[in-house]
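Here is a friendly briefing to read alongside the model. Take a look at the structure first, then follow the notes topic by topic.

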Amino acid sequence: MHKKKIVILGTGGTIAGQSADASDHIAYVAAELGIVTLVEGIAGLASAHELLVEQIAQADSKDMSFAIWTLLAERVNYFSSLDDVAGIVITHGTDTLEETAYFLHALLSPAKPVVLTCAMRPASALTPDGPQNLRDAVTVAGTPGARGVVAVCAGVVHRAADVQKRHTYRLDAFSSGDAAPIAYVEDNRLRLLGNWPAAHEIRARAAIENIATLQSVICWPKVEVVMNYAGAGGGVVHALIAAGVQGLVLAGTGNGTAHNELDAALKVAQAGGIRVVRATRCPDGHVLALAGDVFETSKGLSPVKARIALMLALMLPGFG
Ligand code: SIN
C-alpha cells in the first residue's frame with residue numbers, strides 16, 4: 001500500500017545547535033545544522049516513513065520573526081492541503097515554541113497533525129535529546145486520527161493552547177499546566193490520554209485567504225505585554241500609547257490584577273481605543289471574569305499567547 005508522506009520543516013533552534021565541546025549544554029550556537037542533516041542522523045527514520053524535508057528558516061527562536069511565521073503558516077497550510085500528506089513536523093527552538101504553536105493553531109486549526117518539536121541539548125552533546133524528540137514527533141504526525149497543532153518534548157504531547165516552557169535546563173522542559181497532556185510517546189507508539197484539538201473547517205477554509213492577508217500586511221499590529229509587580233506604575237503604558245501601541249496585554253498578578261496606577265493607565269489606553277486584555281503572570285490557572293470587569297480576559301491564554309490572539313484579532317477582522 002502507498003504510504004502517506006510526513007513533511008518535516010526545519011526552523012533552527014537548539015535541536016540544530018552545535019558546540020565544539022560535547023559537554024556544553026548552554027554556550028553552544030543554536031540553528032547550525034540543516035534539517036536534512038538532522039533527519040539523516042536518525043537511523044531508520046527515512047526507511048520507516050516517506051519523508052519530505054524543507055528548510056524554512058535557520059533561527060535561534062528568541063529571534064523569531066513575523067516573516068518566518070508567515071512563511072511557516074503558508075507552507076503548513078499548503079502541505080496539509082495535500083491528500084498524500086499524513087502530517088507535518090516542525091523543528092523549532094524551545095524558547096518561543098509555544099508562541100509559534102499557538103499562532104499556527106489559532107490561524108489554521110488544521111485537520112491534520114502539525115507537530116512542533118525541539119531539544120534542550122545541542123546536536124553535538126554527548127547525549128542529545130533532539131533525535132528522540134524528532135523521532136517521537138514523526139510518530140505523532142503519522143498516527144491515524146491525530147489532528148491539530150501539538151508540541152512533543154521528552155515523550156509528552158501537549159496541545160498548542162496549553163503548552164509552556166517551564167524549565168530553563170531540564171530535558172522535560174514543557175508542561176501543559178492545569179490541563180493534562182494529550183498523550184505520551186512510548187517506543188514509537190502513542191498512549192492517548194485526551195482529545196485532539198478541534199479542527200475548525202471554516203477557519204481552515206479561510207486560512208489561505210488569511211495568509212494572503214498576512215503577506216500583504218506590511219506592519220503587524222503593535223501589541224505589547226505589560227507586567228504588574230510591587231510598585232508598578234503607569235509610565236510604561238503611557239510611553240506605549242505615545243509610541244502608537246494598538247493593543248495591550250496585562251500580565252497581571254493573581255487573577256489578572258494591576259496596581260492602581262497601572263490600572264488607571266490601562267483604562268486611559270482603553271478609553272483611547274486601545275484594546276486591553278487581562279492575563280496573569282501565574283503559570284497555572286485561568287483569569288476569571290468579575291462582575292463589572294472593564295477589560296476582557298485572556299480566556300485561559302498566557303500573556304504571550306493572548307498577545308498573539310489579540311494581534312490576529314486586530315489584523316484579521318472577524319477573527320476570534
Ligand atoms: C532556541 O529557542 O532557538 C534556543 C534554545 C532552545 O532551542 O532550547
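α9 gives the most to the lining of the largest pocket, with six residues. This is a predicted model, in which local features need pLDDT of at least 70 and side-chain atom pairs count only at pLDDT 80 or more, while totals for chains, interfaces and linings use all residues. Residues are numbered from 1 along each chain as its sequence is written, and side-chain values use heavy atoms, with hydrogens and water left out.

**The largest pocket**

- The largest pocket holds about 770 Å³ of space; such a volume is the space filled by probe spheres set on grid points that are joined across faces, edges and corners.
- A pocket here is an open set of points on a 1 Å grid over the protein atoms alone, where a 1.4 Å probe fits, with protein on both sides within 12 Å along at least five of seven lines; lining residues have an atom within 4 Å of a point.
- Its lining is made of 41 residues, and Tyr102, Ser298, Lys299, Gly300 and Leu301 are the ones nearest the centre.
- At least two lining residues come from each of α4 (97–108), β13 (275–280), β14 (296–297) and α9 (303–315); helices (H or I, at least four residues) and strands (E, at least two) are DSSP runs, numbered from the N terminus.
- By class, the lining has 17 nonpolar, 15 polar and nine charged residues, where Ala, Val, Leu, Ile, Met, Phe, Trp, Tyr, Cys and Pro count as nonpolar, Asp, Glu, Lys and Arg as charged, and the others, Gly among them, as polar.

**Two domains**

- The protein is divided into domain 1 (5–201) and domain 2 (219–315), with bounds that come from an automatic or database domain assignment.
- The contact takes 17 residues from domain 1 and 13 residues from domain 2, contact meaning heavy atoms within 4.5 Å.
- The C-alpha centres of domain 1 and domain 2 are 30 Å apart.
- Because domain 1 and domain 2 both give residues to the lining of the largest pocket, the pocket lies between them.

- Asn255 sits in the loop between β12 (247–252) and α8 (260–271).
- With a relative accessible area of 26%, Asn255 is partly exposed; buried means under 20%, exposed over 50%, and partly exposed in between (1.4 Å probe, protein chains only).
- Beyond its neighbours within four places in sequence, Asn255 is in contact with Arg278, His286, Val287, Leu288 and Leu290.
- The side chain of Asn255 reaches the backbone nitrogen of Leu288 at 2.6 Å.
- Leu290 belongs to the loop between β13 and β14, and it touches Asn255 and Arg278, not counting residues up to four places away in sequence.

**Thr280**

- Thr280 is part of strand β13 and is buried, at 8% relative accessible area.
- A polar atom of the Thr280 side chain lies 2.6 Å from the backbone oxygen of Gly254, and a polar atom of that side chain lies 3.0 Å from the backbone nitrogen of Cys282.
- Setting aside neighbours within four places in sequence, the contacts of Thr280 include Leu250, Thr253, Gly285 and Pro303.

**Positive phi in a loop**

- Most residues other than glycine have a negative phi.
- Asp187, although not a glycine, has a positive phi of about 50 degrees; Asp187 lies in the loop between β9 (183–186) and β10 (189–192) and is exposed at 69% relative accessibility.
- Asn188, also not a glycine, has a positive phi of about 65 degrees; Asn188 is placed in the loop between β9 and β10 and is partly exposed at 39%.

How values were computed
A polar contact is a pair of N or O atoms within 3.5 Å; within protein, one must be able to donate a hydrogen and the other to accept it, and residues adjacent in sequence count only if both atoms are side-chain atoms.
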